[in-house]
Amino acid sequence: MPYQFEWYLVARHWQPIVVGALVTYWVAVVSMALASAFGLALALAQRAPVVGRAARVYVQLMRAVPLYAFLLWLYYGLSVAAGLTLGPLVAGCLSLGLITAAYMAEIYRAGLRAVGRGQVDAARALGLSPVAVYRDVVLPQAVRVILPAAASQFVGVLKGAAIVSVVGVPDLMFFANWASLRYFKPFEFYTVAGAILVGSTVLVAGAVALLERRLRAGR
Amino acid sequence: MEGGFRADLVLAGGRLLLAGLGVAVGVAVAAMAVAVIVGLVVAALRQARSPWLWVPAFAYIQLFRGTSLYVFILWVYFGLAMATGVALPPVGAAVVCLGMLHSAYMAEIYRAGLSAVPRGQFEAARALGLSGFSLYRDVVAPQALAVIVPAAANLFVDVLKDSALVGVVGVNDVMRVADRLTRFYFRPFEFFTAAAGLYVATILAFSHLVARRLDERFAPRS
């Protein structure tokens, strides 16, 4: 018997699909915010003498660990070992954010390095205060390098956010898994979930490409 | 935590975990092979003049670069299998999905490698009377590979990391072994630490030993 497509089931469940997609976006945005802040701290710490070593080890380690392994380690492993219970949402955002922070640290580092030493020297020679050197001279130039790289990192975060349902975050994939079992119609629900997630990442990636072009044009 | 870190349990499950690592590496190597071959075809189509060839190749690259493995593997293994009756075994689904996703990145790597060879190199080689085959083998390939090989080595690290997920369709990789050992002993910290540690050790070893040597081997000779 050929497979009976029942797309009306998807239409009937449009509400949890929309809410699930919003949860996925929320996880991605919160993780990215966490990664941006912590990544900056790591990038600055890497320049310091003692903590620099720890920060570099952190970056090396986190870039070598799979998100899925880290998520399960954090959610199941660490919570049992340390006796702290993280909610699924917290574990999801933390694992995605802490791993992405390592990549962000590298992006900040590359951005800061792209500003020539002569720029800093010249700004100092002109009598600018250390704050003004960074605010008015280094940052505006570094941002041109950092922003496009960070934006394409966000595409990776959005893709990563799709897996947090494995620890029970009620996102789009969580609903797709549930509905596939409930109605025994995996094709319809996974197709819709996939189309929404892939559509989102392709849109963001397109926006990133536009941003890159505009920043390059302004150079 | 009761009894501290039970390293004895990790050792007891060590053989299973190592076997799981072998499965993960095997899946990643096979998927990388798929990506290297399919990526080359896609990259070639992407360069074509006819829109009937380059538009689908462009769409393929955009689509798969935006797809998360978790979504794609569930769609193929459960969705597509039920809708079409084409049921791949878990390892087959894992290799096909991982390979296809990363073939899109591989296609971009080939493109970057080819565009790193200056136009003048082609013209000079032709002016010297080199044949088409010799032009590619002796002039273009050595220069393009200096870009392609290091990038492909980085991509392999991503493939191996992504492969951690293939347990969701039943491949007995490290993560699934760790998950099952956890359920048996109820010691999640030990087994997930061991699993994550195995990935980190494998990937750091790869990038410090293999990838670095590949970079040197293919670096431009001056």
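1. A residue is called buried in this note if 20 or more other C-beta atoms lie within 10 Å of its own, exposed if 12 or fewer do, and partly exposed in between, with C-beta atoms placed from the backbone. The model is a predicted one, in which local features need pLDDT of at least 70 and side-chain atom pairs count only at pLDDT 80 or more, whereas totals for chains, interfaces and linings use all residues. Residues are numbered from 1 along each chain as its sequence is written, while chains are lettered from A and ligands numbered from 1 in the order in which they are written.

2. Helix α4 of chain A, residues 67-82, has twelve of its 16 residues buried and is therefore largely enclosed by the rest of the structure; helices here are DSSP runs of H or I with at least four residues, strands are runs of E with at least two, and both are numbered from the N terminus. Among the buried residues are A:Phe70, A:Trp73, A:Leu74 and A:Tyr75. The buried residues of α4(A) pack against α5 (88-114) and α7 (130-160) of chain A, and also against α8 (174-185) and α9 (188-218) of chain B, where contact requires that the C-beta atoms of two residues, placed from the backbone, lie within 7 Å.

3. α4(A) also has a kink of about 35°, centred on A:Leu74, the bend at a residue being the angle between axes fitted to the seven residues ending there and the seven starting there. Just after this helix, A:Gly83 adopts a positive phi of about 70°.

4. A:Gln46 lies in the loop between α2 (14-45) and α3 (51-64) of chain A, and it is partly exposed because 19 other C-beta atoms lie within 10 Å. Leaving aside residues up to four places away in sequence, A:Gln46 touches A:Gly52, A:Ala55, A:Arg56, A:Ala105 and A:Arg109. The C-alpha atoms of A:Gln46 and A:Arg56, which are ten residues apart along the chain, are separated by 6.2 Å.

5. In chain A, the axes of helix α6 (residues 117-125) and α7(A) come within 10 Å and cross at roughly 155°; axes are lines fitted to C-alpha atoms, for helices over the stretch in contact, and angles run from 0 to 180 degrees between N-to-C directions. The two helices α6(A) and α7(A) are therefore roughly antiparallel, a label for angles over 145 degrees, with those under 35 counted as roughly parallel, 65 to 115 as roughly perpendicular and the rest as oblique. Their contact is made by A:Gln119, A:Val120, A:Ala123 and A:Arg124 of α6(A) with A:Val133, A:Val137, A:Val138 and A:Gln141 of α7(A).

6. In chain B, the axes of helix α5 (residues 90-115) and helix α7 (residues 132-162) come within 9 Å and cross at roughly 160°, and α5(B) and α7(B) are therefore roughly antiparallel to each other. The residues that make this contact include B:His102 and B:Tyr105 of α5(B) and B:Ile148 and B:Ala151 of α7(B).

7. Chain B as a whole has nine helices and zero strands, and its C-alpha trace spans about 75 × 50 × 20 Å along its principal axes. Of its 222 residues, 39% count as buried, and residues 24 or more positions apart account for 76% of the contacts in chain B with a separation of 6 or more.
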